[in-house]
Amino acid sequence: MTAHLKQDKPDTRNLLDKMRQGVIGKPLSRPDGPAKVSGTAPYTADHAVENCLEGVLVTATIVRGEVADIDAQSVLTMPGVVAVIDDERLTARAAQGGADEAPEQPARKVGYFGQPIALVVAESFEEARDAAKQLKVDYRADDLSDIPLDPVQTDPEPQDDGTRQGDLAHAMTSAAHSVDLTYRTEGHASAAMEPHAAIAEWDGKRLTVHASLQMLNHNIIELADALDVKEEDIRLISRYVGGGFGSKLGISEETVAACVAAMELGRPVRVVMSRQQVFQCIMRRSETKQRLRLAADGDGKLIGFGHEARVSNLPGEDFAEPVLQSSEFLYAAENRLLQLEVARIHRMTAGSVRAPGEAVGMPALEAAMDVLAEKAGIDPVELRLRNIPDKHPSEGLPFSSHKLAECLKQGAEAFGWDSGPRKPRQRREGEWWIGTGMASAARVHNIEEAKARVTLKADGTALVETDMTDIGTGTYSILGQIAGEMLGLPVEKVLVELGDTRLPRGSGSGGSWGAASVGSAVFVACNRLRERLAGKVGIAADDLVLKDGTAGNDLRLTDLLDGEDLCEEGHYEPGEIEDDYTAAGFGAFFAQVRVNRFTGETRVDRMLGAFGFGRVLNEKTARSQCLGGITWSIGAALTESLLFDPVDGHLVNCDLAEYHVPVHRDIPDVEVIMVEERDPAASPIQAKGIGELGMCGGAGAIANAIYDACGARLFEFPMTPDRVLSALPE
Amino acid sequence: MAITINGQEHDLSGDPRTTLLDYLRDDLRLTGTKKGCDHGQCGACTVLVNGMRINSCLTLAVMHDGDSITTIEGLGSLGSPSTLQKAFVEHDGYQCGFCTPGQICSATAMMAEIRAGWPSDASEELEGPIGATSEEIRERMSGNLCRCGAYANILAAIGEVAEEELS
Ligand code: FES
Ligand code: FES
């Protein structure tokens with residue numbers, strides 16, 4: 001049976017708090033942990049499939065044009081080679097998150113350097129890889145001088161109407177203190193540790209596909225459309241995903257290629273992208289140019305707020321890095337101007353990379369706030385506290401909950417923030433200048449429709465089933481805890497099955513919405529199960545106390561069920577709460593860095609993040625999400641940048657040796673404070689997302705700490721040693 | 001030619017181009033060892049060759065005639081995990097788990113290196129005993145990338161075991 005909740009109103013019942021099992025929120029270890037540490041957790045490429053062929057993608061060596069000819073014969077005589085697939089259905093790009101349609105086809109039409117154009121299939125990986133390198137391809141290439149490659153030299157188009165309120169220009173001239181600054185951030189790669197992979201099997205009618213994906217509920221639609229196969233004839237499986245960060249939101253080229261090859265050849269085919277291919281043909285985060293105009297009165301209250309940004313993407317792509325997303329509501333100011341523009345250029349698709357928008361918008365905003373604080377002579381924490389709006393500054397909507405002030409205060413206290421007058425270069429240890437900086441954190445709260453089935457079994461255990469994924473975020477843990485709490489079962493008695501499209505459609509993992517969305521679906525199902533159990537006992541559901549497998553003192557659940565399984569499908573939909581409230585997670589970052597006075601190298605000494613994101617569902621996995629976000633903040637601040645060749649636009653640093661993600665030694669002592677709250681308008685479980693908040697502003701705190709340490713104001717991210725050196729005064 | 005994997009002898013007669021990593025994963029179906037880059041840049045494929053850690057993607061299987069290899073499957077199992085494996089679960093020393101087998105293999109060998117007194121960039125002295133400080137562990141584990149950013153928890157897990165086993 002189905003239990004449906006369309007949430008039009010805040011849920012202030014806080015039902016999870018009224019339960020007695022005592023597992024919700026607890027820092028329990030992951031049920032999937034033992035499989036992960038023993039190497040037995042099966043990721044996509046690990047599945048043993050009989051008689052499986054290996055496919056290796058061949059990628060374009062031109063930027064734009066067409067494949068004129070593929071000389072399959074050039075490799076078909078090589079040992080083990082079975083086929084060269086250059087079917088019309090091969091896709092040229094990865095699907096954007098939630099696209100629900102096939103990405104750009106056919107692959108023969110080339111739009112960026114490194115785009116997949118064909119698949120070579122052989123008996124072994126070594127044979128396929130060799131043949132893919134030898135394959136002769138002729139192109140009709142467009143003249144490089146006609147192809148827009150550089151976002152700086154390409155005229156952008158406005159993304160939408162933007163926000164215009166009052167008169168920003170006038171506010172700037174009449175303000176007691178103002179800043180007008182331009183920032184640049186370079187592109188980022190998700191670089192999930194597991195390369196994109198798929199194994200496809202075709203039995204003549206049905207496809208079974210193991211693939212590394214974040215949102216099976218959307219991916220099955222995209223795959224069906226790309227292949228022209230009915231959804232009901234496809235089964236997608238993704239039980240363990242080796243990281244996503246947005247890069248696996250939509251189906252990508254290897255999954256479609258594996259399916260096409262399996263269908264053509266009648267044998268299973270595995271395709272795993274090389275690391276270089278992942279860099280070259282999966283989503284990039286767009287580089288940005290941002291202009292920040294902040295105008296404040298003598299007390300530091302903002303009267304003008306301008307944030308304009310230019311990003312880029314391929315022609316025909318709807319996605320534009322939503323740089324201004326949290327700037328819309330983070331600080332009050334009557335006169336506002338926010339505008340996003342997109343330059344159409346021929347680099348690989350720009351799409352979601354962890355915290356799209358805020359990951360680059362917030363650091364720039366928070367760096368500009370630091371300059372304003374200095375000009376106004378106000379402590380940076382205090383400046384933020386003075387500018388927290390009581391409702392959405394342009395839409396007038398109330399906030400569902402708002403913990404920025406608490407995060408700023410608790411964070412400052414725990415970090416030992418010195419709120420006295422600030423001046424750079426006050427502390428030196430040998431070659432190193434030491435300084436501190438802070439920033440606010442903000443990330444919009446997203447929530448999606450989701451379904452999950454919960455079966456309370458006659459043996460007193462429960463089974464939770466949904467096609468939702470766990471990409472490292474802790475879905476297996478939190479769904480077990482929600483069901484355990486609601487049904488009065490220890491988590492060991494709750495089995496969570498995920499990542500299979502045979503199960504009810506979840507929300508997918510993306511935009512930090514997974515926990516709140518699918519968690520709510522599990523909650524809705526459990527709530528109905530409680531009503532049915534209460535009916536059996538003959539009491540009201542509110543009076544039903546479930547704990548450790550009992551329904552009241554002596555009444556064992558197994559006796560109550562009397563051999564019967566109870567099953568409910570929970571269906572959650574966000575209703576008017578989405579339109580009636582501004583919902584976001586808030587927080588604050590504090591960083592201490594050291595900057596080498598000779599080399600310009602920055603090392604982060606310690607970092608603290610305080611975050612308010614509604615109910616904490618599992619303290620251990622939530623904290624891990626915060627730690628992950630802070631780690632990404634450090635990467636975005638100091639090392640991560642996609643570098644493109646100015647002549648032919650290819651990505652130069654397309655591997656993990658040249659694209660620098662943080663390593664162990666880059667990550668110092670990190671402290672996380674979770675400011676516990678209940679957000680009734682965020683979801684019926686009062687939870688918001690936490691996967692991304694930890695990197696929404698952190699790089700700004702590091703920029704501000706660099707200035708405090710050595711006096712170098714940087715306007716470009718990442719803040720590499722060369723940039724620090726050239727920004728050092730005298 | 002023969003190679004010993006987790007105590008069991010195997011024949012080495014496949015394609016000479018096969019890396020040790022692909023040999024383990026595809027020929028022997030020991031898929032606990034992961035391929036994150038295939039170019040020695042991420043550490044996900046770390047295994048122990050005669051007790052020393054190595055990126056198995058950077059070496060060909062045929063180069064290991066007579067060698068003894070230990071993979072994550074040889075360090076412990078679901079039913080009887082090693083101390084380090086247990087510590088990773090306790091400290092949430094992972095998120096997606098893809099880098100985890102490599103981290104655990106690497107850390108196992110790293111502790112032996114500290115025990116043997118091998119200095120690192122983080123060591124105060126080139127000679128004499130080395131303490132398993134946080135900075136030592138961070139430096140020595142820096143070849144094992146974790147994109148999920150679980151470093152702080154990985155350090156806590158390794159640090160706990162190192163304290164017990166190295167002091
Ligand atoms: S797979 Fe061997 S180091 Fe990355
Ligand atoms: S746990 Fe995902 S890469 Fe380390």
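Q: Which elements of chain A do the buried residues of α6(A) pack against?
A: In this predicted model, they pack against β13 (207-211), β14 (234-237) and α7 (253-265) of chain A. Buried means under 20% relative accessible area, exposed over 50%, partly exposed in between (1.4 Å probe, protein chains only), and contact means heavy atoms within 4.5 Å. Helices (H or I, at least four residues) and strands (E, at least two) are DSSP runs, numbered from the N terminus.

Q: Why is α6(A) largely enclosed by the rest of the structure?
A: Because 10 of its 12 residues are buried. Among them are Leu216(A), His218(A), Glu222(A) and Leu227(A).

Q: How many residues does helix α6 of chain A have, and what distance does it reach?
A: Helix α6 covers residues 216-227, which makes 12 residues, and reaches 16 Å from its first C-alpha to its last. Just after α6(A), Asp228(A) takes a positive phi of about 60 degrees.

Q: Changing topic: is Arg164(A) buried or exposed?
A: Arg164(A) is exposed, at a relative accessible area of 55%. Its place is in strand β9 (residues 163-165) of chain A.

Q: And what does Arg164(A) touch, apart from residues up to four places away in sequence?
A: It touches Arg336(A), Leu337(A) and Gln339(A). The side chains of Arg164(A) and Gln339(A) are joined by a polar contact of 3.1 Å (a pair of N or O atoms within 3.5 Å; within protein, one must be able to donate a hydrogen and the other to accept it, and residues adjacent in sequence count only if both atoms are side-chain atoms). A polar atom of the Arg164(A) side chain also lies 3.1 Å from the backbone oxygen of Asp161(A).

Q: Now the interface: how many residues of chain A and chain B are in contact?
A: 60 residues of chain A are in contact with 53 residues of chain B. The area buried between the two chains (accessible area lost on being put together, 1.4 Å probe, summed over both) is about 4600 Å², and carbon and sulfur atoms give 53% of that area. Met193(A), His664(A) and Arg665(A) supply 21% of the area that chain A buries against chain B, more than any other three residues.

Q: How many salt bridges cross the interface of chain A and chain B?
A: The rule finds 10, taking a side-chain nitrogen of Lys or Arg within 4 Å of a carboxyl oxygen of Asp or Glu. One salt bridge links the side chains of Arg138(B) and Asp669(A) (3.0 Å, N to O).

Q: Which elements give two or more residues to the side of chain A that touches chain B?
A: They are α2 (33-37), α4 (125-134), α8 (275-281) and α16 (619-638) of chain A. The largest share, nine residues, comes from α16(A).

Q: What conventions apply to numbering and pLDDT?
A: Residues are numbered from 1 along each chain as its sequence is written, and chains are lettered from A and ligands numbered from 1 in the order in which they are written. Local features need pLDDT of at least 70 and side-chain atom pairs 80 or more, totals for chains, interfaces and linings use all residues, and side-chain values use heavy atoms, leaving out hydrogens and water.

How values were computed: The expected span of a helix is 1.5 Å times one less than its number of residues.
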